[in-house]
Amino acid sequence: MAMRPPVPVPTLSRRAKLVIGAIAVLLVLFTVIGTLTNVYVDYLWFAETHYTEVFWTELQTRVLLFAVAGVATGGLTALAIHLAYRHRPTFRPMSLEQQNLERYRQSLEPRRGVVLTAVAVVLGLFAGFTAQGSWQTWLTFRNGTSFGRTDPQFGLDLSFFVFDYPFYRLALGFGFAIVLLALIGSLLTHYVFGGLRLQTPGQKLTPAARVQLSVLLGLFVALKAVAYWLDRYGLVYSTRGEVFTGASYTDVNALLAPKTILMFVAAVCAVAFFANIAVRNFLLPAAALVLLLVSSLVIGVAYPAIVQQFIVKPSADQKEAPYIQRAITSTLAAYDLSKIEYVDYAQQATGTTVDTGAALAALRNDTQTIPNARLLDPNVLADTFTARQQIRNVYGFNKKLDIDRYTIDGKTRDYVVAARELNSAGLSDNQSTWINRHTVYTHGNGFVAAPANEVVAGQQGGEPNFTTRDLPTVGDIKVTQPRIYYGELMSDYSVVGAPKGSTAREFDQPEGGSGNGQISNTYTGKGGVSIGSFFRQLTFAIYYRERNFLLSGAVNDASKVLYVRDPRQRVEKAAPFLQVDGDPYPAVIGGRVQWILDGYTTSESYPYAEQMQLGTAATDALTGTGTTALPNDTFNYIRNSVKATVDAYDGTVTLYAWDEQDPVLKTYMKAFPGVIKPKSAMSGELISHVRYPEDMFKVQRDILTRYHVSNPVDFYHQSDRWQVSADPTEGTATNQDQPPYYILAQRPGDTQASYQLTSALNAFQRDNLSAFISASSAPETYGQIQVLRLPGNTPYRGPRQVQNAFQSNNQVRPDLTLFNSSSSKAVFGNLLTLPIGNAGLLYVEPLYVRGSGENSFPLLQKVLVNYGDKIGYANTLAQALDQVFGAGAGQSATDSGGSPATGGSSPAPTTTAPSTSSPNGGSGASSNPAMNQAVSDINDALAALAAAQKSGDFAGIGKAEADLQKAVSAYQSAQRSGAASASKPAATATPTG
């Protein structure tokens, strides 16, 4: 048969080649310049913050991995292809198959060097980019630190699983990839150049092809033997147990030994392939390969499945018990929950009965919790802070304010705090020129704080009492450097600095008095990157694609650029091995505003511990509203190992080793020496402001919903599972978790109040309360977690049930109708759960009202209190407590030197109707006729008010409210007269319907 003539190869004209070459050179040039500019600007930031150790270590590690993986993958694959080509047969049998391949050979032959180089480069780049992303895996492998604990199955230190095992898996994966790519490249080359003849009669493989393919297949199977060896240790991450993580009964008794056997079978199979080099017969390796496949199916798949189905499942709770115990112990250790204090909390107030006597005694003994009950919700009041303390449109506050505590005149109190930051989004059109945005409006100014348990009474009723405020900043928290150049709202860069003697151009604050002028300022801090030279100006002009760096007179020899100004981003950049909590908070330390952040070390390789998704576990109803969601990375080990600060004026980032016993932190400290300071370097003032981090607490409470059960059989049955309550203030339309709350409260059994992070936990898929968890932020007890466990045989009200009781209460409901009108809206604040000694849990919730106007803001109007089946609803916390527990109970809200926890005055106050419960808890009338008449008048007024509201009769509403106030006054007078000493205190029973 005549051979087909070769297909002519199309060629390009000389001009086309020049144009394509020029375009390619320009593209490469722009790419290189852009990349080098980004790297250089990055380096300048690290040099400015004195974290070049991080920059160089990360860069060198990435380059090393890129080079090794790229050269190994691209080079070895290219070598295999080259060897296949070099040993191609000189003569090929004539066949249709070979004739069809001839044109491809003729096309490739003149360009084989280019094609081979292209294949090597492309594969090398792909492998290099993939490998360099695992730079932390390599660093932790090289610098691994012993945990001092061994796993219960293999007796190996846990560092093998956390640091070594991931690297071995990474290396093995690249080994498989290289061999597989080399095998594919060799097969294609042998096929194209005649070494492999699939459709040609006679010998299918040339000797050279047989040798090369045998070697590559032998290497692949040898790597599989290594994989079987590693699979043995990988059983500690097994999920076969369904309700727990780690090696199960089947894994240990029916899979561990087979994995070892399969390792040896794979090794024999590899030897068989290598032997084929000399034996020259694929029968032996084929038989060995069949043996491996059959063995893997029989003893690696079928046998474990039979054991699981017929031995384990019929009595899984008993068979799996010792392995579940391993999982419980390891999971609690991995999430830093090994030292939980469980308290069986026999609450006095259940859903149906109330022992107000015991509760009242506990209230009077607990002089810390109620006086510090927080009525200001930092998640609600951002608009109020803006309306009252913004000063100018260029300033702003974060959507979520923060809670911190300060000791003033010897008294420690909660404060709602915020930094008055620069808000570039608030600039008007004529303020948004490049000069204004980047050189004039460069910073915020001031620190604002208000006690969390009080508001202003009078005409401005319901507003926070700003004890630290205004410009310049004045108040009880002394701020010597109030300027905020680094903050959560600052996403843009600023150009600051000017030669000595020049006119200041940065807007600092408005002038006092009646003038409309401004006070200007020139930045003198040590933060920022100098751009005095032309080269630096050109660099940043390229980086930001902004010619004003070269043309504007605002850029001078003394200029600096401030960039990466968000505190969280600065810490993430300085310590890329940390996960940073999503809610930084400002604190005044030594007169300067410092952002405090929490850094977590994590791992996904802790043996026997349940894996979670970090972003999902740390998400609640407020995530994304003034806070940052964590990345949804898989993990099963976490420690709050680092406390970090960022100076709001000069941007200094300081990292402190908070958990100095954390092996993961020790490993990174070896990899980055000198980057993290010891805990002893923290000042006492700074330590007094650290708090237990929210994101870690949310992860831990999620774990505790399952792992509070220590008995493995009970754990398997999942009969005592808890869950985080959905946020009751978000309504029934959302199932997002209720956020945890910081409170200053006295734990049961303690003698002093402590600053703590708390959360209520419900029974699984029920709204009944099962537990109350708190984590201490006090320096002397930091990190101690206490869980109050409620009896499981009594239905205690959970947050959503309490919220429903509030909203359906016949005294609250009319006010909600009034507040939710065309001109206003009711806003429920945080529903706090407060332990009152050993008497039970008290719920406290502020109720705000905000107008519907564009610049409206919420004001505190009412306070709701729940204890058992009693509800208090009044203008102040003290009055609400009196309604629930009796006259004088509210005094606890003002005792212990604390400021009164008050609510704002309502224009038309609605007071809770008195209960007609008898002293023994039954229903009956009081023996005081005046009080009975007052109660009757109150009920009549309430009925009239409801009818008037339903019909829209505003005159009737006004008359009913006046009658109601008159009846309430009559009741209070009768109560004070003492004529009804046996009558129950004012309270409202929760409606049943």
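Residues are numbered from 1 along each chain as its sequence is written, and side-chain values use heavy atoms, with hydrogens and water left out. Because the model is predicted, local features need pLDDT of at least 70 and side-chain atom pairs count only at pLDDT 80 or more, while totals for chains, interfaces and linings use all residues.

**Helix packing**

Two packed helices are described by the angle between their axes and the distance between the axes. Helices here are DSSP runs of H or I with at least four residues, strands are runs of E with at least two, and both are numbered from the N terminus. Axes are lines fitted to C-alpha atoms, for helices over the stretch in contact, and angles run from 0 to 180 degrees between N-to-C directions.

| Helix pair | Angle | Axis distance |
|---|---|---|
| α5 (135-143) and α6 (158-192) | roughly 130° | within 8 Å |
| α1 (14-49) and α17 (567-574) | about 95° | 11 Å |

Angles under 35 degrees count as roughly parallel, over 145 as roughly antiparallel, 65 to 115 as roughly perpendicular and the rest as oblique. The α5 and α6 pair is therefore oblique, and α1 and α17 are therefore roughly perpendicular to each other.

Contact means heavy atoms within 4.5 Å. On the α1 side, Asp42, Trp45, Phe46, Glu48 and Thr49 touch Arg570, Lys573 and Ala574 of α17. The contact of α1 with α17 has three nonpolar, one polar and four charged residues. In these classes Ala, Val, Leu, Ile, Met, Phe, Trp, Tyr, Cys and Pro count as nonpolar, Asp, Glu, Lys and Arg as charged, and the others, Gly among them, as polar.

From α5, Thr137, Trp138, Thr140 and Phe141 meet Phe163, Asp164, Pro166, Phe167, Tyr168 and Leu170 of α6. The contact of α5 with α6 divides into seven nonpolar, two polar and one charged residue.

**Cavities**

A cavity is a set of points, on a 1 Å grid over the protein atoms alone, where a 1.4 Å probe fits but cannot get out, and lining residues have an atom within 4 Å of a point. Grid points are joined across faces, edges and corners, and a volume is the space filled by probe spheres set on the points. The structure holds eight cavities of 30 Å³ or more.

The largest cavity has a volume of about 130 Å³. Its lining has 17 residues, with Ala618, Thr623, Thr627, Asp695 and Lys698 nearest the centre. Helix α21 (residues 694-707) gives the largest share of that lining, three residues. By class, the lining of the largest cavity has four nonpolar, six polar and seven charged residues.

The second largest cavity holds about 100 Å³ of space. Of its 15 lining residues, Pro378, Lys400, Glu694, Pro740 and Tyr742 are the closest to its centre. Strands β3 (402-408) and β26 (741-745) each supply at least two residues of this lining.

**Local backbone features**

The peptide bond from leucine 471 to proline 472 is cis, with omega near -10°. Proline 472 sits in the loop between β10 (468-469) and β11 (474-475).

Glutamate 242, in the loop between α7 (207-234) and α8 (249-279), has a positive phi near 70° in a residue other than glycine.

Aspartate 659 lies in the loop between β24 (653-657) and α19 (663-671). The C-alpha atoms of aspartate 659 and serine 641 are separated by 4.4 Å, although the two are 18 residues apart along the chain. Leaving aside neighbours within four places in sequence, aspartate 659 is in contact with Arg639, Asn640, Ser641 and Leu665.

How values were computed. On a 1 Å grid over the protein atoms alone, a cavity is a set of points where a 1.4 Å probe fits but cannot get out, and a pocket is an open set with protein on both sides within 12 Å along at least five of seven lines; lining residues have an atom within 4 Å of a point.
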